[in-house]
Amino acid sequence: MKLINFIHTLNHKEQHNIILWYRISCVLVSAMVLGLVIISWRQHRQLNTAYQEWHVWKTKTDALIAGTKEYELLKKQEQELRARKTLVHSITSQQKQIADYFTTLAHINKDNALHTITIYNNNIELCAECKNNQAATALLKTMEQSKQFSHVRINALNQNDGGKLLVTIKGTTKA
Amino acid sequence: MWPLPRIHNEHVCILLTTDSLVCSWITIDKTLPTLKAYQRTPLDTQLTHGLLYNPSHIAHVIHHFLADYKLTDSFVYIAVDSPTVVENIVSTSIARPTRHQLESSELKKCVWDYRYLYPYQDSQFMFYTGGITRPTLLQYQLLAIKARLNLITLTPKNLVLLNLYKHIQGASFRRSKMAQDIPYNGTHLDYTIPLDTLRRCITFAPTVHIRLEQESSHLAPLIGLYLTKDTHEAH
């Protein structure tokens, strides 16, 4: 026969179940917290190890990076120096060549008096005083035979006040 | 266990009548309930007209009983007798009446319920109705708070006796036989359990010394009250 109960409470079975549920929940929560702590501790440890490795590698790579930067700087400086050297070399060689031209022209015109020599790019213009036509032609031929000049021609031939010929020869230099 | 209140897996049954307060500690030993502690305290005017006039004294007695036997935080069952509970036997021609059909003017003020008893003569059906007024119920709830009782049952004494009767009958329980065994004398159910039957229902711990002839009227409801524990489980 079902009992009449004037109060509505949890019976002893339900109270036991609540206590059991509470204990199980406590155990599970504790286990979860413990698990989280263990996992976090392990991850923290791994992070520490990784950080230490990173620090070691950073020390090594810092030197490497510094070396690379220095290499780049030196390389740049070397290129600049090389460019300057090339420039200096070209200027030196050009001046030397001009000097060679002058020497050659002076040697060719040892019987004639040289007035002007103009060298612009590969063009050369020579103005000399010759005794007669033959001397001017001989000068032209000598310049043609020279290995340093080509396309040599007489551009102008004038007689000055002393009766001597002022010959203007144009040509190109051989690089 | 914090934050939940502690519970002690023991069952304390209390019977409260106009003339006595009976506290008992019953456990199950193998198959039979065993009375491990029993204390009857006579009451003078503490419980009059169904109202608790000195709840502090009653709480003190119960609290001491629990403390003496280290039964604090146990499950407490209380059975109360008339006039604390408003009881009626109602006969009706309807087999399944509604609450409204059984509700009397007295019960309208009460927290109440009803149970079917047995079929009666001339196609009548007998129902038991039991209720308790709200102020009285509040008094018992305050008593439970004051005495720090884990009160889980507050029930009428007569219904507890019917429960014991059903338990004694076991599988052979029949409502028609119940009508013969528990006759209705016009005002209440007249049911007395024979002493030898009572002896078969319970064993006594060696420390308990009571005269069963004198205490049977109190002990029977307590056994029935203890058996409601199984009724709870059956629910």
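How close do the axes of helix α1 (residues 55-68) of chain B and helix α3 (residues 134-146) of chain B come, and at what angle do they cross? I shall answer that after a word on the model.

This is a predicted model, in which local features need pLDDT of at least 70 and side-chain atom pairs count only at pLDDT 80 or more, while totals for chains, interfaces and linings use all residues. Residues are numbered from 1 along each chain as its sequence is written, and chains are lettered from A and ligands numbered from 1 in the order in which they are written.

The two axes come within 9 Å and cross at roughly 45°. Axes here are lines fitted to C-alpha atoms, for helices over the stretch in contact, with angles running from 0 to 180 degrees between N-to-C directions. Helices α1(B) and α3(B) are therefore oblique to each other; angles under 35 degrees count as roughly parallel, over 145 as roughly antiparallel, 65 to 115 as roughly perpendicular and the rest as oblique. Residues B:Pro55, B:Ile58 and B:Ala59 of α1(B) meet B:Gln139, B:Leu142, B:Leu143 and B:Lys146 of α3(B). Contact requires C-beta atoms, placed from the backbone, within 7 Å.

Chain B has seven helices and 11 strands, where helices (H or I, at least four residues) and strands (E, at least two) are DSSP runs numbered from the N terminus. Of its 235 residues, 34% are buried. A residue is buried if 20 or more other C-beta atoms lie within 10 Å of its own, exposed if 12 or fewer, and partly exposed in between.

I turn now to the nonpolar cores. Such a core is a set of buried Ala, Val, Leu, Ile, Met, Phe, Trp, Tyr and Cys residues joined through C-beta atoms within 7 Å. The largest has 61 residues, and B:Ile14, B:Val76, B:Ile78 and B:Leu222 have the most contacts inside it. Helix α7 (residues 212-234) of chain B gives the most to this core, namely seven residues. A second, separate core of 12 residues includes A:Ile108 and A:Cys130.

Three of the 97 residues of α1(A) are buried, so the helix lies largely in the open. Those three are A:His12, A:Leu105 and A:Ile108.

Finally, A:Met1 sits in the segment before α1 of chain A. This residue, A:Met1, is buried, with 20 other C-beta atoms within 10 Å, and A:Met1 touches B:Arg115, B:Leu162, B:Asn163 and B:Lys166.

Note on methods: Contact = placed C-beta atoms within 7 Å. Lists of a residue's contacts leave out its neighbours within four places in sequence.
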